[in-house]
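Let's walk through this one together, a piece at a time. Have the viewer open and follow along.

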Amino acid sequence: MSMAVSRRAILAGSAGALPLLRARPASAAPREIRFWHAMSGVNGERLEEMTRQFNAAQSDFAVTPIFKGTYDELINATVAAYRTRTQPQLVQIYERGFMTMLLSGAVVPVQELMAAQRHNINWADFIKPIAGYYTHKGELAAMPFNSSTPILFFNKAHFAKAGLEKPAETWQALEQQLRQVKAAGGPGSIMADDYHWSWFENYSAINDYQYATKNNGFGGLDTEFTYNRTPVVQQVGRMKRWMDDGLLQTAGQGVAAAAVFTSGRSATFIASTATHAAVMAAANLEWDAVPLPYEEGRTPRNSVIGGAVLWALRGHADADNAGTASFLAFVAKPETQVWWHKATGYVPATNAAYALAQSQGWYRERPTQEIAVKQLTRGEPTANSLGYRFGNFTQTMFAQREEAERAFGGQKPPQQAMDDAVSRGNEILRRFERLNAGRY
Amino acid sequence: MSETAIPALPPRRLSWPAFLRRKARPESLHGIKSSGFAGQVLPLVLLAPQLVILLMFFFIPAIRGLAQAFLLQDPFGQEVHFVGLENITALLRSAEYWESLRLSVNFTLATTALTFGVGLLLAFATDRVARGRTAYRAVLLLPYAIAPAIAGFVWAFLFNPIVGPAAALLHALGIAWDPNRSGDDALLLVILTASWKHLCYDYIFLVAALGSVPRSVIEAAAVDGARPLRRFFWIVLPMIAPTVFFLLVMNTVYGLFETFAIIDATTRGGPAAATNILVYKVYVDGFVNLDLGSSAAQSVLLMIFAISLTVIQFRLIERRISYDVSQ
């Protein structure tokens, strides 16, 4: 009996709802712009908040953020969607996927898109290491979105116990300090999961060591890795020594490296500036941060970025592209940039946004959030510090990590490991060159 | 000659149409192999839904994967080069691939042996458990209900050298345990995790198989003076041989193919590719590195490998097994 009543109620309810749905004229419905992203947790919520702000600010378009998993899963989903012609208008792709996307034939370069949709963006105002990383043939290919760079977080309590105030500027002096911390009963440092990015790539950029020929790949697809002939080899040796002596711990899969640091079990933590969110949320953690160390006797240069950019995909109606462009213009606005910067810890992408954050007194409040910006804009970028442009970059990186880990585990001496990493990497680069000949 | 001679009667049973008629079976008249359908239409009709699903989700993707193995292609599919056997020869030349193959064999052998050995011990013990047998079984069956990714993460946590309680215990015993740096430790960890997860599968089959061994035969052997070990090898093992063989095949398939999630959650194939077994390498090269040609070539080789292994198992072992269990 009660079931019959409830069924009738449902029928009545849906009948009532129908006219409401029909009453809305089709023209007033905002055009949906699908935006696939890979931001989980707090930063994912912030991203959704940003799209809500955009949707509320105008009525022509509605951006729908769709979480597609990790960066790897997202680029895969994008490939699959493109091949079945069901691609979204906008995707967030990590920096390592740049060459794959750029030469995919599946994207509209952002500067081309914005010009076609008559949006005026001051492209010259983008922070150099960010713009440089994503500029091809004088034009930005994708919209900088979440850009980060690694900095050095440290546990003030462990340093104080060893009579130290803060980490030294050079690797050599830092090693002495870490030994002091250890001697005073403190823990070793913790190595981030993406250590290749800070310990090899940013290390090379900051110290102005060549990583690969052809300006680290900017000059052509026939680039070849050279880091086996630079101090990167000594860096691998240093990491092994630190691990042997208990100065450097590896987190592995059971626990997040950031959690090891925030729970006070490590002296330092070299990680993305976007780790700020996790570090600030930690209770009872006395922490501070400094720029990344450099080699004794070198002049430190700018570091390189990581993170992701927004790509506009081909194959959509002009009216959709208008919506995509409109959202990207919103993303590029200094106000949006500053809001995103404050909410997530990612760096502002333009000088105007940086100036705005400064004028609002943000860095007096949060001085460590300025470290990344300052480190990125330190000096004029050299050919070795502008960034890395390699095809199949994820694959070369995995080969490099595998060989580095052989050195960490004592299976190969560092030189042998890096020689093998380079020869494997070059083979992977050649495969990419062969497939994309004449397209770059 | 005699009047009592009885003329031969025509068969009483109505004969089936030829295509439905049961063919003469020279083999066993009872046991597993003797059961089957008479004819071929009904079985095909019954199989059709499953075959359609297999066609859509297995054969078509498998054929496309097979084709991919001979191509060099960018992920978005705008450039396709036919490269013949190059993807495969490149693999066969690569030291990493052979290392991964060697690792997979070791891993599968170790997992199979451990799962089967411990499963058998526990199955035997079931008989000896006097009180709380249901609880004992339930506890043993629990791991099967846990998702592989969760199981992997839990083990990774327990044995994590920084925070894991099990690792702390090992350190306290003076064992330098660090699966993040030592490949051997990592391999041991994934073998333990994978075996633990699959143990109950072997266990439940073995309990059932052991239960079907007639007590009278064992008791008769005992009366004749056979010690437990002799009773096991001469009576029990031959009688549960079909189950043992089945488990051997299933454990091999499990080790080779179904341990992906555990590897992904426990070690991600590291450190230094120490746990990068073939099926995980296929995933990383295809879905992370977007190297479709090589990944497809690896799947083809993996398929050939698994098929030949199964054929060998059937040829070598299955022939010696008797499925005729009469009770």
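Start at Gly345(A), which sits in the loop between helix 15 (334–344) and helix 16 (351–359) of chain A. A word on those labels: helices (H or I, at least four residues) and strands (E, at least two) are DSSP runs, numbered from the N terminus. Before going on, note that this is a predicted model, so local features need pLDDT of at least 70 and side-chain atom pairs count only at pLDDT 80 or more, while totals for chains, interfaces and linings use all residues. Residues are numbered from 1 along each chain as its sequence is written, and chains are lettered from A and ligands numbered from 1 in the order in which they are written.

Is Gly345(A) buried or exposed? Gly345(A) is buried, because 24 other C-beta atoms lie within 10 Å. The cut-offs: buried takes 20 or more other C-beta atoms within 10 Å of a residue's own, exposed 12 or fewer, partly exposed in between, with C-beta atoms placed from the backbone. Leaving out residues up to four places away in sequence, Gly345(A) touches Thr273(A), Ala274(A), His276(A), Ala277(A) and Gln369(A); contact means C-beta atoms, placed from the backbone, within 7 Å. Glu112(A) is 233 residues away from Gly345(A) along the chain, and their C-alpha atoms are separated by 29 Å.

Now move to strand 13 (residues 306–313) of chain A. Eight of its eight residues are buried, so strand 13 of chain A is largely enclosed by the rest of the structure. Which strands pair with it? Pairing here means that DSSP finds at least two bridges between two strands. Strand 3 (residues 90–94) of chain A runs antiparallel to strand 13 of chain A, with five bridges joining them, and Ile93(A) has Val309(A) as its bridge partner. Strand 7 (residues 143–148) of chain A is also antiparallel to strand 13 of chain A and joined to it by five bridges; there Ser148(A) partners Gly306(A). Strand 4 (residues 107–108) of chain A, again antiparallel, has two bridges to strand 13 of chain A, with Val108(A) standing opposite Ala312(A).

Two of those names come back in the largest nonpolar core. A nonpolar core is a set of buried Ala, Val, Leu, Ile, Met, Phe, Trp, Tyr and Cys residues joined through C-beta atoms within 7 Å. This one has 154 residues, and Ile93(A), Ala142(A), Ala257(A), Val309(A) and Trp311(A) touch the most other members. Helix 20 (residues 414–436) of chain A supplies the largest share of this core, eight residues. Apart from it lies another core, of 12 residues, including Leu120(B), Ala123(B), Tyr203(B) and Leu247(B).

That brings us to chain B, which has 13 helices and two strands. Of its 327 residues, 29% count as buried. Where does chain B meet chain A? 33 residues of chain B are in contact with 31 residues of chain A. Helix 5 (148–158), helix 11 (260–266) and helix 12 (278–288) of chain B each supply at least two residues of that side of chain B, and helix 12 of chain B gives the most, three residues.

Finally, confidence. The model scores ipTM 0.83 and pTM 0.84. Chain B averages a pLDDT (the predictor's confidence in each residue, from 0 to 100) of 85, and 88% of its residues score at least 70. Where pLDDT is low, the predicted coordinates should not be read in detail.

Note on methods: Contact = placed C-beta atoms within 7 Å.
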